[in-house]
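Student: Can you walk me through reading aromatic contacts in a model?
Tutor: Gladly. Here is the case to look at.

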Number of protein chains: 4
Amino acid sequence: MNLLDNVAIELPSWAFGNSGTRFKVFGTPGTPRTVEEKIADAATVHRFTGMAPTVALHIPWDRVDDYTALAAHAAEHGVSLGTVNSNTFQDDDYKFGSLTHVDKMVRQKAIDHHLACIEIMNQTGSQDLKIWLADGTNYPGQGDIRGRQDRLAESLATIYQHIGEGQRMVLEYKFFEPAMYMTDVPDWGTSYVQVSALGERAKVCLDTGHHAPGTNIEFIVAQLLRLGKLGSFDFNSRFYADDDLIVGAADPFQLFRIMFEVIRGGGLDAGSDLSLMLDQCHNVEAKIPGQIRSVLNVAEMTARAQLVDADALAVAQESGDVLGANEIFMDAFYTDVRPAMAQWRADRGLPEHPMRAFAESGYQDTVDAERVGGTQSSWGA
Amino acid sequence: MNLLDNVAIELPSWAFGNSGTRFKVFGTPGTPRTVEEKIADAATVHRFTGMAPTVALHIPWDRVDDYTALAAHAAEHGVSLGTVNSNTFQDDDYKFGSLTHVDKMVRQKAIDHHLACIEIMNQTGSQDLKIWLADGTNYPGQGDIRGRQDRLAESLATIYQHIGEGQRMVLEYKFFEPAMYMTDVPDWGTSYVQVSALGERAKVCLDTGHHAPGTNIEFIVAQLLRLGKLGSFDFNSRFYADDDLIVGAADPFQLFRIMFEVIRGGGLDAGSDLSLMLDQCHNVEAKIPGQIRSVLNVAEMTARAQLVDADALAVAQESGDVLGANEIFMDAFYTDVRPAMAQWRADRGLPEHPMRAFAESGYQDTVDAERVGGTQSSWGA
Amino acid sequence: MNLLDNVAIELPSWAFGNSGTRFKVFGTPGTPRTVEEKIADAATVHRFTGMAPTVALHIPWDRVDDYTALAAHAAEHGVSLGTVNSNTFQDDDYKFGSLTHVDKMVRQKAIDHHLACIEIMNQTGSQDLKIWLADGTNYPGQGDIRGRQDRLAESLATIYQHIGEGQRMVLEYKFFEPAMYMTDVPDWGTSYVQVSALGERAKVCLDTGHHAPGTNIEFIVAQLLRLGKLGSFDFNSRFYADDDLIVGAADPFQLFRIMFEVIRGGGLDAGSDLSLMLDQCHNVEAKIPGQIRSVLNVAEMTARAQLVDADALAVAQESGDVLGANEIFMDAFYTDVRPAMAQWRADRGLPEHPMRAFAESGYQDTVDAERVGGTQSSWGA
Amino acid sequence: MNLLDNVAIELPSWAFGNSGTRFKVFGTPGTPRTVEEKIADAATVHRFTGMAPTVALHIPWDRVDDYTALAAHAAEHGVSLGTVNSNTFQDDDYKFGSLTHVDKMVRQKAIDHHLACIEIMNQTGSQDLKIWLADGTNYPGQGDIRGRQDRLAESLATIYQHIGEGQRMVLEYKFFEPAMYMTDVPDWGTSYVQVSALGERAKVCLDTGHHAPGTNIEFIVAQLLRLGKLGSFDFNSRFYADDDLIVGAADPFQLFRIMFEVIRGGGLDAGSDLSLMLDQCHNVEAKIPGQIRSVLNVAEMTARAQLVDADALAVAQESGDVLGANEIFMDAFYTDVRPAMAQWRADRGLPEHPMRAFAESGYQDTVDAERVGGTQSSWGA
């Protein structure tokens with residue numbers, strides 16, 4: 001059985017809009033102006049890779065009047081709507097926090113926003129409400145760490161009561177940024193204790209760029225799968241901070257190790273509800289092929305990871321053969337799976353070389369020509 | 001009420017022996033040859049500071065035939081025996097793990113060692129069994145992350161069954177070293193989930209040097225106190241890795257923030273069972289005054305932390321006055337508490353200036369002269 | 001002699017405008033709309049501290065038609081114009097580099113921008129042209145590291161030819177951001193070799209937030225002063241990355257150590273041309289008092305640093321008395337200099353408590369009321 | 001032309017002895033007791049790989065009475081003696097420094113040790129004197145940063161006067177350890193300014209494990225080659241600190257990028273005097289195959305790096321095609337070169353699969369049986 005058949009990578013609508021750093025956001029021709037255009041681009045990625053069947057929404061950036069129509073639009077393009085991502089960091093009221101704010105009115109506003117997101121999920125048929133909180137403080141003394149944590153627990157509990165039967169809440173953690181001194185959900189431990197207090201349908205979201213330097217991410221993957229609490233991934237890569245580069249670009253071997261633990265922990269098994277999503281910023285590279293490249297990277301490292309000879313590895317591990325075990329592990333990583341991947345795609349009627357096929361498809365030229373006027377999508381809209 | 005009256009800092013017996021890096025261990029005149037001499041040195045630190053009433057043991061380094069006699073020896077010197085620290089990293093059998101080892105025989109050996117430690121605790125009247133595990137792997141593929149975690153859980157459960165009513169098990173976590181790729185208890189989250197699976201008397205031990213670069217340690221302190229799971233501290237300081245420098249030496253403001261959260265979370269309240277311990281290496285500085293300096297540093301930052309005007313701080317925090325809140329916080333940190341500390345000591349019949357008083361006491365000259373011959377204590381004995 | 005009399009801290013005009021993260025820029029009442037209003041705010045900081053006599057400009061954000069008039073405006077407010085900071089990161093042409101770009105036309109455009117900055121310096125009487133380059137790449141393979149470095153050398157040489165007799169070029173280095181994989185001037189070594197190739201009037205600018213985690217910044221300060229190549233500081237503080245927090249807020253002891261090396265290396269001596277500048281972002285705190293607090297922090301740590309008993313320290317260092325040397329060093333840091341600082345200010349007709357005096361002055365209310373309409377200044381303008 | 005023909009990897013004699021962490025050094029059967037046995041093991045690595053023709057010595061660990069005889073011994077085994085590594089960190093006199101020590105007598109002792117090393121080089125015909133200094137301080141205030149740097153310059157100048165015509169001095173830098181607060185040669189910048197002050201035959205040694213987290217090492221490689229000052233590598237890999245793991249084990253893509261810049265900068269050109277050396281600790285894995293694996297890793301990443309289509313890359317880079325350039329770069333990295341490597345070895349009469357061939361050779365069993373009694377070599381001898 002090829003585990004690749006179980007790989008479904010969700011694309012973030014915002015990856016198709018403009019993004020950048022605090023210093024500059026560069027625009028590009030063909031950038032979508034509407035959520036419909038973002039979905040069209042995401043569907044294009046799926047068309048060339050066969051592995052990206054859903055699109056995540058970000059509210060309010062992707063707010064529309066009629067979500068049923070939006071779901072239909074997606075279906076027409078061959079994809080469906082996925083995770084709904086909330087946003088409590090761009091309203092002036094959230095300057096000092098949202099779900100953790102000292103002011104009950106602000107907390108309620110943030111809670112209501114999440115309830116509105118759940119309402120959207122009900123209409124789109126989305127499974128996951130993803131909460132990434134920008135809450136935190138910049139200066140020692142600015143906030144009461146303990147009190148903020150308690151208020152967070154209370155706010156999450158209120159939201160969780162509205163999570164439906166087939167729905168889940170996933171709580172993302174992040175080491176730092178935009179808060180510079182203290183982040184209210186800075187590590188997997190905090191996300192774990194918060195979601196564990198809620199119930200079965202609350203899980204942790206692991207963003208691969210949200211850790212301290214040197215953190216062994218695959219350990220966290222293994223641990224959370226062991227605890228039954230790994231809900232989803234936000235894939236990207238980084239050299240320094242939350243760089244949001246193309247997943248696998250900075251350290252493909254790390255991605256290989258992560259996918260190995262995903263497989264080891266049953267994350268690609270038939271019954272698994274683990275969600276694999278991208279969350280990236282294509283600041284200087286083309287967006288659609290940037291997403292295609294990302295899907296291919298996850299797929300390739302998954303393909304390599306499933307080549308690990310598990311039986312031989314177990315024998316080497318149990319006999320204390322450090323070099324032997326490492327060699328078995330590396331043999332899989334060093335194997336070039338690209339021909340096999342091309343074949344896998346050919347077998348499914350997909351282009352063998354998605355990057356090349358996209359470049360030759362003329363899609364980019366078409367949207368460059370069509371998408372003139374209007375306001376290009378970005379994090380602000 | 002002065003919270004300093006609630007501060008009791010446990011000293012590690014091994015701080016009085018020689019220590020160093022993998023490159024070199026320097027010896028010094030007067031270094032203890034026996035556990036009795038280590039206790040005598042520790043008692044000296046207490047005599048000059050009034051704040052270090054207990055001494056932690058490390059087994060097998062501090063193994064003796066008669067622990068009742070050892071406790072009596074300590075009592076004669078005015079101190080008592082504290083935490084028992086296990087050691088599963090210096091036996092050849094533990095090359096590939098101890099409580100996590102693939103071999104049941106090795107795991108059982110490690111478990112038995114802990115049961116022997118509990119037996120010592122029964123004789124010495126110690127409250128805490130502290131487990132720091134060196135277990136981990138150096139190379140990707142070398143070990144099965146998930147299986148090791150499961151075996152750890154099983155081993156800990158077996159040991160925990162023997163923890164008596166008035167006793168506790170504290171599980172320390174460490175980012176890396178001696179394992180270089182994967183550490184089996186690398187972060188507070190892992191220690192928390194492991195001890196939570198055991199019961200009330202299992203808690204987390206936080207070593208201030210065991211985190212990734214940039215980690216907000218006071219956040220973890222606040223979180224674990226909130227969860228009722230912070231059992232003890234191993235105090236020291238670091239610039240880079242687990243440097244094991246004198247606590248407060250690298251970043252006194254961080255120590256201040258930690259002690260602020262300890263107070264905020266009730267860690268110095270009358271009923272608190274939070275244990276404050278030092279765990280340091282005096283590689284190049286004199287050991288006894290190194291410990292005195294460490295006790296003074298913890299005391300001074302505690303004194304400064306309790307100066308924070310909590311009411312004014314709450315008002316500033318609630319009104320979003322970032323600079324005002326920070327100023328109230330920093331005002332406490334910037335206040336020179338040394339005169340008040342000297343007075344506190346004078347009031348208790350202690351030397352106003354412990355470092356100076358020790359230097360003038362002639363104690364070091366005495367032990368330098370007496371402790372000739374024999375083998376100086378170090379991590380190996 | 002009080003070294004505080006030699007402390008002159010340059011304020012960045014942009015600190016008075018809005019700033020933020022890639023997630024959000026919050027606005028505040030009273031934010032300047034023009035460079036003239038920024039200068040008025042900077043002059044206010046000087047009026048309350050007596051230590052901030054100059055204002056740095058950023059081109060094009062502070063572009064005006066008549067720089068002579070601008071200098072006169074500054075003089076009327078009691079300050080003068082300082083360093084001119086160039087900007088080659090917000091024009092679309094610089095997406096793939098400026099002084100390092102593969103395209104000669106783009107490099108020439110960036111060079112011309114610096115020549116225009118020098119022309120402004122000629123009109124304002126500024127001493128320093130500061131170059132901070134955002135140049136770099138996000139992905140391995142994206143650029144030719146070596147070729148970019150060669151082109152940088154060529155571009156800088158061209159600019160340097162236009163640096164006048166009484167002028168200097170200072171080249172800032174930065175670990176990462178906005179480039180995520182490779183930054184063309186990432187460390188002091190690179191800045192040093194580039195400016196050394198130019199001549200006497202080219203020096204290094206050290207931004208305290210632009211280093212890898214754990215970097216010993218005071219070592220670099222000592223080294224560059226030893227080499228005669230430390231031109232200027234960009235002061236701020238950080239917990240994680242280039243957080244641009246208030247200088248001294250994250251680690252006041254580090255600021256103390258930096259100022260100690262500045263003094264040790266002659267940086268505050270009468271003849272020194274070392275320039276001390278702030279470069280911060282007041283994302284969530286009030287801007288004018290944020291700058292006042294920053295000036296006070298530098299001043300306080302300078303005051304503490306000059307309390308170090310240099311003779312006693314040398315004796316302790318030479319005798320290998322680690323704890324004694326450290327105690328002499330820490331005694332200075334632990335001394336509360338605030339009363340002496342208040343007196344120093346009172347002696348000069350300045351408010352003893354600048355933060356309080358500013359709060360009571362009504363200045364903020366006045367500008368809040370006056371500055372209505374128009375576009376608030378930010379990094380974009 | 002195959003650049004692999006120009007790859008010669010020097011092996012460190014000490015890699016064949018025992019090593020470990022400060023916590024424990026594990027011994028293994030067959031560990032050499034003498035320098036002659038270490039050389040025999042190193043020659044074995046060369047015999048199976050064809051790429052490790054020289055062995056580096058460490059003085060005093062490898063001190064013998066007759067170096068001419070030692071060179072002859074090496075020649076008999078098919079290898080020759082390479083770099084001489086000095087040691088100024090294991091003598092009690094160096095507790096507070098060696099070449100930087102405040103005491104002129106200690107500095108002279110350290111200088112004399114280096115002159116003795118040069119004398120050994122004269123006898124062995126070695127090209128390089130490698131200086132890695134453990135000098136530094138553990139506590140702020142402990143030493144005078146500036147004064148230590150000046151003394152270092154003076155000591156190095158004295159040693160350099162004795163470096164012969166065909167000889168070189170290479171100065172290694174290290175971020176931290178064993179010094180915890182301040183290291184006297186912490187970064188490439190410091191090594192560069194120190195060796196630049198000496199002359200042509202003084203160069204920088206880059207140890208791949210000696211950098212701050214996140215440092216872009218290939219940038220430094222490119223920069224030092226550009227400056228003509230990269231003398232040699234100490235290869236190993238790390239996840240956290242100076243882990244000294246098998247080169248390429250932690251991040252093979254990083255090793256690929258480093259070798260790409262080596263090639264780009266001419267480091268493997270015919271006339272290049274760049275020296276490639278291993279410096280590793282085989283704490284838990286078998287030593288001889290550990291070294292074989294290391295040689296193979298360097299060779300494989302070199303082979304992949306030379307596959308980069310330089311012309312196509314230049315076109316993509318110059319046209320701003322970020323994804324295209326990255327793809328060309330990654331295509332080389334993702335190519336499985338192991339079959340071609342096996343062929344390269346077969347063509348030269350070497351075993352196609354060195355790891356397997358060594359395992360089947362019986363060499364380990366032989367030395368396990370022969371090397372009984374005596375004292376196993378380690379860092380202490």
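The dialogue below covers ring pairs, then charges over rings.

Tutor: This is a predicted model, where local features need pLDDT of at least 70, side-chain atom pairs count only at pLDDT 80 or more, and totals for chains, interfaces and linings use all residues. Residues are numbered from 1 along each chain as written, chains are lettered from A in the order written, and side-chain values use heavy atoms, without hydrogens and water.

Student: How many aromatic pairs does a search of the whole structure find?
Tutor: Rings of Phe, Tyr and Trp (its six-membered ring) pair if their centres lie within 6.5 Å; planes under 30 degrees apart are stacked, over 60 edge-to-face, the rest tilted. Over all chains, the search finds 94 pairs. Take A:Tyr240 and C:Phe176: the centres are 4.6 Å apart and the planes at 10°, so this pair is stacked.

Student: Where do A:Tyr240 and C:Phe176 lie?
Tutor: A:Tyr240 is in the chain A loop between strand E9 (230–235) and helix H7 (252–264). C:Phe176 is in the chain C loop between strand E6 (168–172) and strand E7 (182–183), so the pair joins two chains. Helices (H or I, at least four residues) and strands (E, at least two) are DSSP runs, numbered from the N terminus.

Student: Are A:Tyr240 and C:Phe176 buried or exposed?
Tutor: Buried means under 20% relative accessible area, exposed over 50%, partly exposed in between (1.4 Å probe, protein chains only). Both are buried.

Student: Which residue lies over the face of A:Phe253?
Tutor: A charge sits over a ring if NZ of Lys or CZ of Arg is within 6 Å of the ring centre and within 35 degrees of the ring normal. Here A:Arg257 does so, at 4.7 Å from the ring centre.
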